[in-house]
Amino acid sequence: MNTLERLEAALVTGLQSLPKVRIGGVIREVTPSYYRVSGLSQFVKLGDRIGFDAEGRSKVGEVVRVDDGGVIVKPFDGRIDAGVGTRAYRMGGMRLSPHPGWKGRVVNALGEPIDDLGVLMPGSRSMPSDAEPPPAMTRARVRKPLKTGVRAIDLFTPICAGQRIGIFAGSGVGKSTLLSMVSRCEGFDTIVVALVGERGREVREFLEGAIEPNRARSVMVVSTGDESPMMRRQAPKTALSIAEYFRDLGESVLLIVDSVTRFAHAARDVALAAGEPAVARGYTPSVFSDLPRLLERAGPGGDGQGSITGIFSVLIDGDDHNDPVADNIRGTLDGHIVLDRAIADQGRYPAINVLGSISRLADNVWTPEQRELVRKLRTLIARFEDTRDLRLMGGYHPGNDPELDQAVLVVPKIYEALRQDPTMPVSIDAFVELAQSMRL
């Protein structure tokens with residue numbers, strides 16, 4: 001070894017022995033919703049995590065804007081309790097290391113346990129929380145039918161393994177109850193549930209109620225409504241990363257997100273804090289690009305992988321189904337189930353409007369005979385509803401319209417057959433059960 005090589009080796013050894021340092025900056029501005037940090041603009045990118053100490057505790061935020069003057073950091077903790085001059089440092093992008101031992105556990109949006117059952121075992125694979133959706137040409141076809149156990153769904157909007165479907169409803173119409181019924185669906189290796197922006201009391205109700213029979217194969221990601229927009233924005237991404245891990249193991253995964261609208265609200269809050277202008281009912285342009293990116297991560301995997309069947313609830317603000325967020329989500333998903341407040345007011349649950357609901361993959365489930373039967377049932381229901389006011393005013397006279405006579409006779413029996421609540425047994429064969437109800 002010559003002198004130059006010995007010098008190079010000594011230099012490398014000396015550098016390795018030096019203590020590791022962190023790239024840092026300083027908080028220069030504090031507002032009610034974000035911090036501005038100087039000294040990091042050249043070293044970070046959007047989505048990187050930033051750590052800092054406040055009141056003796058370590059806190060974490062995320063970079064939401066970068067410019068020459070500094071970076072804007074939104075903290076995951078809802079409280080703004082760091083002061084000007086506080087040191088901040090780069091932590092890199094948000095990553096998770098799921099493990100099969102996570103089944104049966106409850107975690108927060110950062111993948112930290114909140115169920116007092118001890119630490120989570122880290123997996124051998126580190127996964128980004130904001131992963132890219134699988135390439136379109138590598139994805140498997142969606143063909144395998146599923147039975148949800150909910151008659152109204154299995155009859156009129158059947159779904160397949162790997163499908164993504166939305167449940168659209170206003171507040172108080174039974175959206176969460178229907179999701180709890182769908183969570184009892186068999187045929188899945190793993191269930192991942194994300195409760196985003198929901199009431200805190202619903203966490204234990206869901207955990208100890210609907211999900212209890214399947215808790216050993218379930219992972220719950222929770223971010224309640226009192227948490228910061230950053231946590232509510234992160235929760236669905238964390239849930240999808242966990243679902244993707246099990247999908248890559250070849251498992252069939254059921255993903256339930258309640259609700260995507262709360263994710264959109266949180267994404268709007270973050271984008272507004274970053275200085276993005278509002279374009280549609282207060283929503284920023286990035287919200288309408290974040291939603292398809294999130295939803296596209298669910299679905300079938302590539303060859304040799306499993307699939308993620310996504311059930312996404314969508315809260316309709318003001319019962320307006322043309323709300324920009326609802327319209328954007330509806331166009332991205334593979335079908336939608338509409339819950340109608342008028343049906344709920346009649347005491348019919350689940351309050352599914354079968355005429356307004358559709359599954360784009362239903363033809364993969366129905367036989368030709370079932371498809372024709374459903375078409376006829378929809379026709380009768382449409383005729384029954386269109387003439388409701390006429391019948392209430394006494395304008396209907398039996399014998400003048402055979403089709404209407406049949407609708408008046410059959411549709412009430414259909415409605416009665418579709419009644420179902422979480423205390424009732426799951427449906428085994430919806431078509432057979434409907435036929436039995438029609439004979440009564």
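Which residue of strand 6 does G51 stand opposite? G51 faces Y89 in strand 6. The model is a predicted one, in which local features need pLDDT of at least 70, side-chain atom pairs count only at pLDDT 80 or more, and totals for chains, interfaces and linings use all residues. Residues are numbered from 1 along each chain as its sequence is written, and side-chain values use heavy atoms, with hydrogens and water left out.

**Overall form**

The protein chain has 13 helices and 19 strands; helices (H or I, at least four residues) and strands (E, at least two) are DSSP runs numbered from the N terminus. Along the principal axes, its C-alpha atoms fill a box of roughly 105 × 45 × 40 Å. Of the 440 residues in the protein chain, 52% are buried, where buried means under 20% relative accessible area with a 1.4 Å probe and protein chains only. Among contacts (heavy atoms within 4.5 Å) between residues at least 6 apart in sequence, 71% join residues at least 24 apart.

**The barrel**

Six strands form a closed barrel in the order 1-2-5-4-3-6, with antiparallel pairing. The twist from one strand to the next averages 45 degrees, with angles run from 0 to 180 degrees between the N-to-C directions of axes fitted to C-alpha atoms. Two strands count as paired if DSSP finds at least two bridges between them. The table gives pairs from this barrel.

| Strand pair | Bridges | Opposite residues |
|---|---|---|
| Strand 1 and strand 2 | four bridges | V26 and S38 |
| Strand 1 and strand 6 | three bridges | G25 and A88 |
| Strand 3 and strand 4 | six bridges | G51 and V60 |
| Strand 3 and strand 6 | five bridges | G51 and Y89 |
| Strand 4 and strand 5 | six bridges | R65 and I72 |

Strand 1 covers residues 24–30 and strand 6 covers residues 87–93. A hairpin of four residues joins strand 1 to strand 2. Strand 3 (residues 48–54) is largely enclosed by the rest of the structure, because five of its seven residues are buried. In the hairpin of strand 3 and strand 4, two residues lie between the strands, and E55 takes a positive phi near 55 degrees.

**Nonpolar cores**

A nonpolar core is a set of buried Ala, Val, Leu, Ile, Met, Phe, Trp, Tyr and Cys residues joined through side-chain atoms within 4.5 Å. The largest one holds 55 residues, and those touching the most other members are F156, L178, V193, M220, I311, L339 and I352. Helix 12 (residues 402–418) supplies the largest share of this core, seven residues. A second, separate core has 51 residues, among them A239, A243, A264 and A274. Leaving aside residues up to four places away in sequence, I352 touches A152, I153, L178, I337, V338, L339, I343 and S357.

**Pocket and cavity**

On a 1 Å grid over the protein atoms alone, a cavity is a set of points where a 1.4 Å probe fits but cannot get out, and a pocket is an open set with protein on both sides within 12 Å along at least five of seven lines; lining residues have an atom within 4 Å of a point. The largest pocket has a volume of about 620 Å³. Its lining counts 27 residues, with G47, E62, D130, R233 and K237 nearest its centre. Strand 4, helix 5 (229–248), helix 6 (260–273) and helix 7 (285–295) each give two or more residues to this lining.

A search of the whole structure finds one cavity of 30 Å³ or more. The residues lining the largest cavity are T148, I153, I159, I165, I167, V182, I311 and I337.

Conventions:
Buried means under 20% relative accessible area, exposed over 50%, partly exposed in between (1.4 Å probe, protein chains only). Grid points are joined across faces, edges and corners, and a volume is the space filled by probe spheres set on the points.
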